[in-house]
Structure formats: structure tokens, C-alpha cells
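Here are a few quick notes to read alongside the model. Have a look at the charged pairs as you go.

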Amino acid sequence: MSLNDSQTVVTVVAGLAILAGLAGVVVPGLPALPLCWGGVLVWAIFGGAGAGGWAVFAAATLVAAGGTVIKYAWPGRNLKRTGVPTSTLLAGGVLGIVGFFVVPVVGLVLGFVAGVWAAERLRLGSNQLAWPSTVQALKAAGLSMLVEFGAGLIVAALWLTGLLLT
């Protein structure tokens, strides 16, 4: 294979999109699962894999859609059970994004924790009551990231399997 071969270029582009998607789990602004799914779509359309490529794409679509639903439903259900409101998570998300630009690398996590804690402190009126809610929100955010990363890895594995078999 040479880089002049269009199928090779498509395969490399698809692989880079999938890698960017996996990185998107922790990098704000990169849509993780849509990038992984899009990489498989590009490969299925232009990669010359035929029916096998479309079968891989169909499986990747199911995994990406299921991962997206589970990513929000499972942690959300856990938070509702513990009594953490959506407004608290919104405050954490906003401060997390601000923190990402103010403090490189760790600012996202620091901003999220500070935002959740501050919102809960205002809502509950006590440091002792705010901290357990903050811990629950952090667990939920971590679970959401793990689900998204797991779904992205499954999409990547499907693509690699399709690449080797077609």
C-alpha cells in the first residue's frame, strides 16, 4: 500500500478520527462518539470495504447510539436517587469549561468540582452537606466518561476488526 492509494488515505483519516474521538472523552469541544462513528462512516463509504464495511458501520451505529443513551441515563438516574439537581451539574459544567481555559490541563476538573461544590453550598447552606453531593456528582461524571470511552473503544475495535477482515 502506498499513500497514493485512496483507500489507504481513507483508512488513515478514519483511524485519526477514531483516535480524536477517544481523546474527545477528556478534551472539551471534541465530540467523542460522533467522531468515532464518523470515522467508521467515512471508511464504510470510501474505504472500499463493501458489504463488510457497512456491517461494521451498522454495528458501530448501534454501539454509539447505545453508548450515548447510557452515558446520560445511568449517571443521571444515580444523581436523581441521591438528590443532586440538574442545576448543580450545569454550574459544574460551566465552571469546568471556564477552568479549562484558565488553568491548562487540570482546570476542567478543578472548575467542575468548584462549580458543583459552590452550587450545593448555596443550595444546602452548609459545607458538610455540600461535599457529599459534590462527591456524587464527580462519581456520575466519571461514570459518564467511562461509558463514553468504553463505547468509543468498542467502535474502534469493530472498525479494526472490519479493517482486518475486509
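1. Is Glu120 buried or exposed? This is a predicted model, and in it Glu120 comes out at 0% relative accessibility, so it counts as buried.

2. Glu120 has a partner, though: it forms a salt bridge with Arg123, with the closest N and O atoms 2.8 Å apart. Both residues sit in helix H5 (residues 107-124), three residues apart, or about one turn of the helix. Arg123 is at 41% relative accessibility, so that end of the pair counts as partly exposed.

3. Searching the whole structure gives two salt bridges. The other one to look at joins the side chains of Lys71 and Glu148, at 3.1 Å from N to O. This pair ties together distant parts of the chain, with Lys71 in helix H3 (residues 51-82) and Glu148 in helix H6, 77 residues apart.

4. How accessible are the two ends of that pair? Lys71 is buried, with a relative accessible area of 14%. Glu148 is at 10%, so it counts as buried too, the cut-off being under 20%.

5. On the record side, the unreviewed UniProt entry annotates "transmembrane region" for residues 12-33, 40-70, 90-119 and 140-160. In the model, residues 140-160 are 100% helix, with end C-alpha atoms 30 Å apart. Residues 40-70 are 87% helix and 0% strand, and their end C-alpha atoms lie 21 Å apart.

Terms used: Residues are numbered from 1 along each chain as its sequence is written. This is a predicted model: local features need pLDDT of at least 70, side-chain atom pairs count only at pLDDT 80 or more; totals for chains, interfaces and linings use all residues. Side-chain values use heavy atoms; hydrogens and water are left out. UniProt positions are given in the numbering used here, feature names are shortened, and annotations may be inferred rather than shown by experiment. Helices (H or I, at least four residues) and strands (E, at least two) are DSSP runs, numbered from the N terminus. A salt bridge is a side-chain nitrogen of Lys or Arg within 4 Å of a carboxyl oxygen of Asp or Glu. Buried means under 20% relative accessible area, exposed over 50%, partly exposed in between (1.4 Å probe, protein chains only).
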